[in-house]
Amino acid sequence: MNNSKYGKNVLFVYPQIPANTYWSFKHALKFINKKSAMPPLGLITIAGFFPKSYNLRLVDMNIEPLDESHILWADFVFTGAMIVQKESFQNVVKVCNKLGKPVVAGGPYPTSSYSEISGVSHFVIGEVEDIFNKFLDDLENGKADYIYRSEKTPDISNSILPRFDLLNMDAYGSMSIQYSRGCPFKCEFCDIWKNYGNTPRLKSSKSILNELDSLYDLGWTGAVFVVDDNFIGNKKRVKSELLPALIKWQEEHNHIYRFFTEASINMASDEELLCLMRDAGFNEVFIGIETPSKEGLKETGKSQNISCNMEEAVQKIQSYGIEVMAGFIIGFDSDTDDIFDRQISFIQKTGIPKAMIGLLNALPGTALYQRMQTEGRLLDESNGNNTHSMETNFITKMEKGKLKTGYMRVLKTLYGLNLKNYFNRCSTLLDNIGNNSKLFKRKVEFKEIQMLLRSFFIQGSSRYGYQYMKFLMRNFIKHMNTFPEAVRMCIEGHHFYMITQESLEA
Ligand code: SF4
C-alpha cells in the first residue's frame, strides 16, 4: 500500500549561478547561441534513481525562469546547490514554501550547511548512492526522515545512468560526465579530499561508455566536460582501462567528442598518459597551479606542484595539444609584496589564456577553515565565488587594502589593457601546441563559421579590436591548422574582458 502524502510528479530545480563570474562564460556563450556552460549533472544523476512510475521535469534556472506553474505541477521539488548558488537556492525554497510544496535538498551547500537552512522537508546529503533508494521507499511509505546521510563513501563502479534526456541540450555549451570521486592529495584550502576521501573511486569504463552512448543517441555533438576533481587520481586504471576504451569508442564514432577535465600537474611527467589523453580527444585540462611561490605551495600542502618545474610541466602538456587552464590564488600567509608581479609573469610566460585567479577563501569543511577558526582569524562564511570576489573571509597577513589593490591590478593586467596580454598568452599557447597536434586539426563545423562572422562583427569593432585583428592575422598565417581554436580563444577572451571590466567598475 502506498501511504505517501505525495504524488509522483517530481520537479528538479537547479538554482541560478551568479553570472558575474569567469566560470559562467556568459559573454562567450552568446556567440554560439547557448545559455549555460554546463548542465546540472548532480540533479540528473539523482533523477536516474527514480523508477519509471514517476513523472520527472527539470528547470535549470540558468537557462529558463522558474514559474509558479512549474512548482504547482509538482508533488515535491528536489533542489541542490553549490555555495555560490546559496541566494537563488534560498529563493527557490521560499517560493516552494509559499505554494505549499515540500522541498528535498542535497548537494554541496546543503551538505555543509543543512543546520542553518530552513524550509526544507528532507535533506539527502553527501554522496547518495547507498541511501537514495531507502529515502524513496520511506517517502513512498509516508515515513521519510528529516535527514539522510550516508555513513560511508559509496562504491560508484556501476553507477546509475544520469537522465540526460531531461536536459534541453541545445541550451548548453558542453555536456558533463563524471568518472571518479576523491583525490590523493591534501591541499589545505580544498574540501574534495575531506568530503570524498584520498582514495579515488572510479566508475567502470562500461558505465562511462554507456553515458557517452546515451549522449550520442540523444544527438549531442561537441564538448564533454569530465567533471572529476582529479581525473588522474588513479593513473594506473585511467591508463590501462578508461583511456584505451575511450580511444576505441571515439574511433567508432568518428571522434565526435572533445573532452575537457581537471587534473593535477603530475600528469606532465607521464608521457604515456599524455599520449593516451591526446588520442582519446582531450584538448583542455584545468590544473590547480595556485602560485609560483614555493613558500605558498608549501603552506597549502600542494606537494605535487613543489616537486616539479611547473613552467616546463605546463609547456609539456601544451605540446600534446592540450590547453592548460589553471587556478591561481593570492592571499597565502607567506605572500610578500612581489606576489602580484610573480603571478602575472608566470601566467604570461606559460601561455595560460584562461587563468582563474582569486583571493584565498576558507570554505567550510576544509583544513584551512579549521586553522583560521583555531587562530581566531575567521571573519565570515565564504560566498563560494573563487574568482574576482574582492573579499577574503579571514584576517590575512597582508594588509587588506594592499591585497585588494594588488589583486585588482593583476586582473586588469591579465584581462584589461586592450586584451593585449591575453592575446599574447593565446599566441604562446598556439606556438607551444605547434602544428603537430592532430586533435586541434579538426573539421570546421558550419556553426563555427557563423561564430567567426559574429566574432568579426562584434570583436573587430570593440575597444580591443586592433589587438584582436593582429592576433587573428598572426595565427592565420602561423597556425592555420589551429585557426578555429584561435577564434574560440578570441570569444572566450571577450568574456574575460567583459567580466573584468564589470568587476573593476563595481
Ligand atoms: S589536487 Fe585539487 S582536488 Fe586534489 S586536494 Fe588539491 S585542490 Fe583538491
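Modeller: Domain bounds here come from an automatic or database domain assignment. This is a predicted model: local features need pLDDT of at least 70, side-chain atom pairs count only at pLDDT 80 or more, and totals for chains, interfaces and linings use all residues. Residues are numbered from 1 along each chain as its sequence is written.

Colleague: What domains is the protein chain divided into?

Modeller: Domain 1 covers 9–149, domain 2 covers 173–415 and domain 3 covers 433–505.

Colleague: How do you know that domain 2 and domain 3 are in contact?

Modeller: Two residues are in contact if their C-beta atoms, placed from the backbone, lie within 7 Å. By that rule, 13 residues of domain 2 are in contact with 13 residues of domain 3. Helix H13 (310–319) and helix H16 (400–415) each give two or more residues to the domain 2 side. H16 gives the largest share, four residues. Helices are DSSP runs of H or I, at least four residues; strands are runs of E, at least two; both are numbered from the N terminus. The centres of the two domains, taken over C-alpha atoms, are 24 Å apart.

Colleague: What makes a residue of that side nonpolar, polar or charged?

Modeller: Ala, Val, Leu, Ile, Met, Phe, Trp, Tyr, Cys and Pro count as nonpolar; Asp, Glu, Lys and Arg count as charged; the others, Gly among them, count as polar. The domain 2 side that touches domain 3 has four nonpolar, six polar and three charged residues.

Colleague: Which residues are around the ligand?

Modeller: A residue is near a molecule or strand if its C-beta atom, placed from the backbone, lies within 6 Å of it. Those around the ligand include Cys183, Cys187, Cys190, Trp193 and Asp229. The shell divides into six nonpolar, three polar and two charged residues.

Colleague: Why is threonine 199 called partly exposed?

Modeller: A residue is buried if 20 or more other C-beta atoms lie within 10 Å of its own, exposed if 12 or fewer, and partly exposed in between; C-beta atoms are placed from the backbone. Threonine 199 has 13, so it is partly exposed. Threonine 199 sits in the loop between helix H7 (192–196) and strand S9 (201–202). Across the protein chain, buried residues make up 48% of the 506.

Colleague: How do you know that the radius of gyration agrees with a compact globule?

Modeller: The radius is taken over C-alpha atoms, and the globule rule is 2.2 Å times the number of residues to the power 0.38. For 506 residues the rule gives near 23 Å; the protein chain has 23 Å, so the two agree.
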